[in-house]
Amino acid sequence: MDNLLGNLTQSAVDSQNVSTAFSMPENSTQTSDHTINNAIVVHCFFEQSKNTDDLTEFQLLAKSANVHILNVITATRSTPQAKYFIGSGKAEEIADAVRQYNADLILVNHSLTPAQARNLEALCDCRVVDRNGLILDIFAQRARSHEGKLQVELAQLKHLSTRLVRRKTGLDQQKGAVGLRGPGETQLETDRRLIKVRINQLQSRLEKVAKQRNQNRQTRQKADIPTISLVGYTNAGKSTLFNLITDANVYAADQLFATLDPTLRRLTLQDVGTTILADTVGFLRDLPHDLISAFKSTLQETTEASLLLHVIDCADNRKLENIEAVNQVLEEIGAQEVPRLLVYNKIDQLENVTPHIEYDEKHLPSAVYISANSGSGLDLLLEAIRLRLTEHILNLQITLPPSDGKLRHAFYQLNCVEKEEINEQGEFLLNIRLEKTEWLKLVKRFTQLTPFNPIQPDEN
């Protein structure tokens, strides 16, 4: 912790070696860039059924963080204990296991309070990292872009700010000038001040990045370019599908949070034209709020998308719970109202499942079954996307008298006029293409458009 605070004045963006929760001491004999930590995993069951799916997922998270698991210790409680979270007897068992296996890390599959983490660390004489700390460490390892590194560092510092403790050393800093002698600033106060200053710096820099992203979005919206955003539980195959659709070269692997930084690519669809496809960070159960807050500008691409492709691993036994976890995050970031298309991926791992499209009661695609790994069903997915996007787009022919210059000007402001001709009577013959919501706004403003309105009152 002291090393991290000592380097707060140096940004994680400027340093190639980003400090993480698993950083080894300076006197470590291991010089490899990919240090493997030996850990004891701790999990507590609060139900008699003892569902091990959460524990299995946590072990996958540990593997993604380059951790070697030496032993798994489980406990069963009705409520967490205040001092150690898992009880005194089980804490002693963990301490014995640390000595027996010579572990250098304890991973706890729960969110610990700062006091619980300190108490367990003092008892076991070993570093303790909870679930939030592990996820933050994975994000720190995966961040590659300037924005991603800023966001991860901000989340890490917010997490660290609640876990500062005073060391057993006299580190009061006194001033030597006349009138300034006396009790000085303690090291704990210095650490808090440095973290607060650095957090303010990061927030200021991220605000500039957010403004740039917002300008880019406004430019695309002004040009009437729809955005399609890939969302889904981590390791559902979003990046593989992104590469398949766009022929991009985004890193994809069978691990949790393989990709972190958002990627945007231009895509051309029949009857839709130019669109933007965005690949975002994967979601997870109990995703730390500091992360959601730090990645606000990145997730803004999702909230303002024209269509969400919710990628689901249909071979996962917990797919229904994963869908619910993604829906909770979408609601938290304000994207619950964005139209979405379910994409059931990895059908190649199931028997008797072929690529197909499911339709809702309005005869619009609601789900598509594909395999991004083999490419089967890609044509069906593109067709489903086309149908969903063209559902909200109207192609109309409007005839305006010469006196309707104000309405004609409103069409050109929306950049929706594809063709214009003038007949012998001097009337304007317009072929327009615009979104349904924009059309309804115009109908309310200009009553002379009512005869051209193809939307029934119950469809509004």
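Mentor: Cys126 is buried, with a relative accessible area of 6%; buried means under 20%, exposed over 50%, and partly exposed in between, using a 1.4 Å probe and protein chains only. This is a predicted model, in which local features need pLDDT of at least 70 and side-chain atom pairs count only at pLDDT 80 or more, while totals for chains, interfaces and linings use all residues. Residues are numbered from 1 along each chain as its sequence is written, and side-chain values use heavy atoms, with hydrogens and water left out.

Cys124 is buried too, at 4% relative accessibility. The sulfur of Cys124 has its closest cysteine sulfur in Cys126, 6.9 Å away, which is too far for a bond. A disulfide is a covalent bond between the sulfur atoms of two cysteines, and here it is taken as a pair of cysteine sulfur atoms within 2.5 Å. Zero disulfides turn up in a search of the whole structure.

Now the sheet. Helices (H or I, at least four residues) and strands (E, at least two) are DSSP runs numbered from the N terminus, and two strands pair if DSSP finds at least two bridges between them. Seven strands form an open sheet with mixed pairing, in the order E6-E7-E5-E8-E9-E11-E10. Strands E6 (263-269) and E10 (356-359) stand at the edges with a single partner strand each, so one side of each has no neighbour in the sheet. From one strand to the next, the twist averages 25 degrees. E6 pairs with E7 (residues 273-279) in the antiparallel sense over seven bridges; Leu264 has Ala278 of E7 as its bridge partner.

Helix H8 (residues 238-246) packs on this sheet, touching E5, E6, E7, E8 and E9. Contact means heavy atoms within 4.5 Å. The axes of H8 and H12 come within 11 Å and cross at roughly 85 degrees; axes are lines fitted to C-alpha atoms, for helices over the stretch in contact, and angles run from 0 to 180 degrees between N-to-C directions. H8 is therefore roughly perpendicular to H12, a word for angles of 65 to 115 degrees, with under 35 roughly parallel, over 145 roughly antiparallel and the rest oblique. Leu241, Leu244 and Ile245 of H8 meet Leu378, Leu381 and Leu382 of H12.

H12 (residues 378-391) also holds Arg388, which is buried at 10% relative accessibility. Beyond its neighbours within four places in sequence, Arg388 is in contact with residues including Leu307, Pro339 and Arg340.
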